[in-house]
Amino acid sequence: MNLLEMSVTVYASLTRHLVRSLLATLGIVLGIAAVVAMLAIGEGGRQEALRQIESQGIDNIILRSVKPAEGNAQQTTRSYTQRYGITQRDVEHIENVFENVRLIVPVMEVRREIYLGQTSTDIKAVATTPAFLKVSRCRLVDSRSRFLTPTDGKILDPVCVVGTKAARRLFGHRDPLGQAVVIGNVSFRVVGLMENPGGGRIGGQFELNNLVCMPLETATSLWGGITIQMRRGMAEKVDYDFLYLAAKNIDAIPGTAGRLRTYLRSAHTQVDYEVQVPYELLQSARRTQRIFTVVMTSIAAISLLVGGIGIMNIMLANIFERTREIGVRRALGARKRDILWQFLAESVLLTSIGGGLGAGLGIATAAAAEMISRMGGEAGLKAVVTSESLVVALAVSVITGISFGTHPAWKAAQLDPLTALRHE
Amino acid sequence: MTQPSPPALSPTPPLIELTGLEKTYAVGGTLIYALRATDLIVRHGAFLTVMGPSGSGKSTLLNLFGLLMRPTAGTYLLEGRAVSGLNDDATSAVRCKMIGMVFQSFNLLSHLTILENVCVPMQYAGIPRAAMRQRGKALLDRFGLDGRYGSRPTQLSGGQCQRVAIARALANDPPVILADEPTGNLDEQTGLEVMGIFQELHRSGKTIIMVTHNPAYRKYATQAVSIHDGRASET
């Protein structure tokens, strides 16, 4: 029997009991749907995590000053002065000792309000050096834009570069270049517009696209070498809020990060810093992804096992019910292998239909989950259905059909023609 | 100088030749003879009826003819070829191309149309779809079922179903048609109509081997076998 005839025969057999055939595929439909939906959500999460990590620069090590518990503060007369975080001494030590560090870029939070009219905004202002643009994986948006230059710092120029999101909020549709931004009563001229394509943050804190950058020297000359924030008699002293260290190459990152942690442990009496290594986070995300894949595969295997057993049951029932048909076909010239292929093809077609329906349901479920998670207007789940996951889902359906259809089909082929013909 | 004489033509072998064909079953250590050693020759174009009481071995003989069971002993030659010891594939090929079967209960596949039913043996013979459908329609037309190609067997009368079954038996144009009580499920009039079809097939050159209970059908036969307790004898 050729393939066309086989397809016609199989189609006729399956449509004979359409509802039963569809019910038989239910296990496969739900199994594949679950797999496709979870893979889509997992893939979305993975891509998002990778995007976040990579947007921080894979060859960077980022140090962040972390305020320790107040109990560790140094008490002086009636006021508190809390000094913590990354110090100038740390920067000098790293510069002198860490030969694999190519660039050191300090970032200081200016801690001055930026106003939009009379209203203060959550736009952050930071003071940094010209290399910040490169290490933060930002790019200039407008051809007229420029980033901070060494000269800006030397002449203490009150200029700034704004992120695209901050620019939209501050200036709307107006051209931001040449406009003034008032930061702590000082007017800064916008000389550049920058963007981080991944929507990343400095050390996971300040959104790069919602940032205003000014020269470190200008900020220091205006507001002193350290940032001091007074509240109820309390002062905080932080030299640098963040420190970007760009490694000479990726291979040097694990060793440099290890040495850095050892140094910081010895140089700081308290844990007032955090070491962020995007490369390590990436490795960790990949490990998590592998675990996720194993879990998903296990769930898929269990659901497909259940679905496959359902298919096998239905096929065995089918064969029992159609024993006489098998006898007739054998009497009319069908070989054992014709019967085997016919029932195997039915099983594979059933699971393939189940796989197709399941993939559709899985895509719909993933899309629904994404939509529901974003209902509040916040960033929620992201579902990404890859063509690979669909191919895998369909391949697995076919394999399930073959695996669980072979035994019933073989049983059908082995039936004695005469016994089958006499079957009531 | 003498003219060379033409080469002697080899005699055409009989269509079916059974020699000492026997079928036994062992039941609880006792040997049951379903068919005792039988010798029989059926020539091309014969109309053979097989008669006998129930349980005498008629169906066993027919099933042996149809290669649906293997004999315990003896040989079965079909057009001079020993067919009882063939493997499953070869046996299926012989059933497909050499033998057409008509059953008492029609054995049509109810989920297929009657045209599809007629096409089933042709599917296994590897005939292309278009040719298959064309031949299937021609056969149905021949038996007065034109315009009913898309009908299901459940929509037809018993006589019509048996005509579809006969059309199916002829699908691959086999030389021999085996019929197991083909009128057993039909009323007398319809039975006679069906017998008329077999008579017509016989006249067209087909060899018919028919198991029947009805002695009235003996008149259609050119050869008759009677079976009692597994012993077959030509009458």
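**Exercise 1.** Identify the bridge partner of B:Val225 in β10(B).

Solution. In β10(B), B:Val225 is bridged to B:Glu234. The strands involved are β9 (residues 223-228) of chain B and β10(B), which pair in the antiparallel sense over four bridges. Strands are DSSP runs of E, at least two residues, and helices are runs of H or I, at least four residues, numbered from the N terminus; two strands pair if DSSP finds at least two bridges between them.

The model is predicted: local features need pLDDT of at least 70, side-chain atom pairs count only at pLDDT 80 or more, and totals for chains, interfaces and linings use all residues. Residues are numbered from 1 along each chain as its sequence is written, while chains are lettered from A and ligands numbered from 1 in the order in which they are written.

**Exercise 2.** State which strands stand at the edges of the sheet in chain B.

Solution. Step one: the open sheet has six strands in the order β6-β7-β8-β3-β9-β10 (chain B), with mixed pairing. Step two: β6 (99-102) and β10 (231-234) of chain B each have a single partner strand, so one side of each lacks a neighbour in the sheet.

**Exercise 3.** Classify A:Arg20 as buried or exposed.

Solution. A:Arg20 belongs to helix α2 (residues 18-24) of chain A. A residue is buried if 20 or more other C-beta atoms, placed from the backbone, lie within 10 Å of its own C-beta, exposed if 12 or fewer, and partly exposed in between. A:Arg20 has 12 C-beta neighbours inside 10 Å and therefore counts as exposed. Its C-alpha is 28 Å from that of A:Leu418, at a sequence separation of 398 residues.
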